[in-house]
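User: I have a structure open that I have not seen before. Can you walk me through a few parts of it?
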Amino acid sequence: MKKGDIYMGQSQCRSCETRLEHTFVDLGMSPLANSYIKPEQLNCMEPFYPLHVYVCAKCLLVQLEQFSTPHDIFSDYAYFSSFSDSWLAHAKAYVDMISDRFRLDRNSNVVEIASNDGYLLQNFVARGIPVLGVEPAANVAEAARKKGINTKVAFFGEKTALNLIAEGWDTDLIIGNNVLAHVPDLNDFVKGLKVLLKPSGLITMEFPHLLQLMEQKQFDTIYHEHFSYFSFLAVEQVFARHGMRVFDVEELPTHGGSLRIYACHTQDASKPIGARARELKSREEGAGFSRLNHYLSFNPQVEATKRKLLSFLISARQEGKRVVGYGAPAKGNTLLNYCGVRTDLIDYTVDRSPHKQGRFLPGVHIPIYAPEKVRETRPDYLLILPWNIQEEVMQQMAFIREWGGQFVVPIPEVKVNP
């Protein structure tokens, strides 16, 4: 499929191929979440696609239909991981932990899929461990190469894995942080993991946890880049289908609550299933994640959250208060487009990334400025769109309290923090 082609949706589960018939949540029509608008594009037509999420009745994988190609999403990507201090700290802590736990050294091969700008692999390089990043966005890969990170521009799957094996990259550790959810051809991707992994090798994958998404009403983490939304029960089935076993899991605070799963070849007896994996599986079953009806309860909760945010923004405007945003994350674009929030309710937003400054949010066309704009205009409220790093944002922007400004967090409920 060439760039610009569009899939007209799918009717089968991308994991087990069962027909999709049950709605998890319907967020209406929305533009691609990272398709930030340049000033000269403001009067051009934007494509909008359905954000209608289904749940498979058989394997209970929550998923979006695919309407855009990976090339459309990632060819000129605006997200650079290195602009979040907390994410950089998270990456370094991971490298320290995994290197010590599994005794990685100069004789180990480490491959990261969707390696972005080298934010994580640079920590392995500092330890003298050989690394390769596989990154689909050429502009982001170039930033990694400038840091001295060995990076290949490619979409990962079975074919790419075979090519890497031919180049001598059979791998001791495969890393995928926030990539598994981004994969439209899930089975081809996991086949690639199987091919690339040494017999005694290890895979770690991080992704937002569906349990947290539902409990915290994190519907804004749904966007077209995220094709799948995983419970532990669902992801375990995906790996088992391809001869791999999930033997350990960590629950992380990142992205509003994520899982880090540890997987290996099924026949690798050196990695028995641990207590954390058994406990989480049991907890999900107890919470209803093995029953279809549990998933069908989510849509009404999302509608209620939308009404509460709109009520707050409308009341603030009627009282003569000024509201501006902090951040231009993909989740913010889902939230604002679903709620129909434009410059009539939020004047502008700010972001630390120079790659987003001077552009406009897709769909709602709210302008993006540098953070200094907040001090110039002294708004009454700062709406934190990347609520997953709210503590970091409140520390960076603490100066708004000088004029009585307050922070607002939209998820799971609208909350005003002085």
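User: Where is cysteine 56 placed?
Analyst: This is a predicted model. In it, cysteine 56 lies in the loop that runs between β2 (49-55) and β3 (62-64).

User: Is cysteine 56 buried or exposed?
Analyst: Cysteine 56 is buried, and its relative accessible area is 0%.

User: And what is cysteine 56 in contact with, leaving aside neighbours within four places in sequence?
Analyst: The contacts of cysteine 56, with those neighbours left aside, are Cys13, Cys16, Thr18, Leu20, Leu61 and Gln63.

User: Ok, strands now. Which way do the residues of β4 point?
Analyst: In β4 (residues 110-113), Val110 and Glu112 point one way, while Val111 and Ile113 point the other way. All of them are buried. In a regular strand, side chains alternate between the two faces of the sheet.

User: In what sense do β4 and β5 pair?
Analyst: Parallel, over four bridges, with β5 covering residues 131-135. Leucine 132 of β5 is the bridge partner of valine 111.

User: Switching to helices: how do α5 and α6 cross?
Analyst: The axes of α5 (residues 158-166) and α6 (residues 186-196) come within 7 Å and cross at roughly 20 degrees. That angle is under 35 degrees, so α5 counts as roughly parallel to α6. The crossing is right-handed.

User: Which residues make the contact?
Analyst: From α5, Glu158, Ala161, Leu162, Leu164 and Ile165; from α6, Asp188, Lys191, Gly192, Val195 and Leu196. By class, six residues in this contact are nonpolar, one is polar and three are charged.

Notes. Residues are numbered from 1 along each chain as its sequence is written. This is a predicted model: local features need pLDDT of at least 70, side-chain atom pairs count only at pLDDT 80 or more; totals for chains, interfaces and linings use all residues. Side-chain values use heavy atoms; hydrogens and water are left out. Axes are lines fitted to C-alpha atoms, for helices over the stretch in contact, and angles run from 0 to 180 degrees between N-to-C directions. Helices (H or I, at least four residues) and strands (E, at least two) are DSSP runs, numbered from the N terminus. Angles under 35 degrees count as roughly parallel, over 145 as roughly antiparallel, 65 to 115 as roughly perpendicular and the rest as oblique. A crossing is left-handed if the near helix is turned anticlockwise from the far one by less than a right angle, and right-handed if clockwise. Contact means heavy atoms within 4.5 Å. Ala, Val, Leu, Ile, Met, Phe, Trp, Tyr, Cys and Pro count as nonpolar, Asp, Glu, Lys and Arg as charged, and the others, Gly among them, as polar. Buried means under 20% relative accessible area, exposed over 50%, partly exposed in between (1.4 Å probe, protein chains only). Two strands pair if DSSP finds at least two bridges between them.
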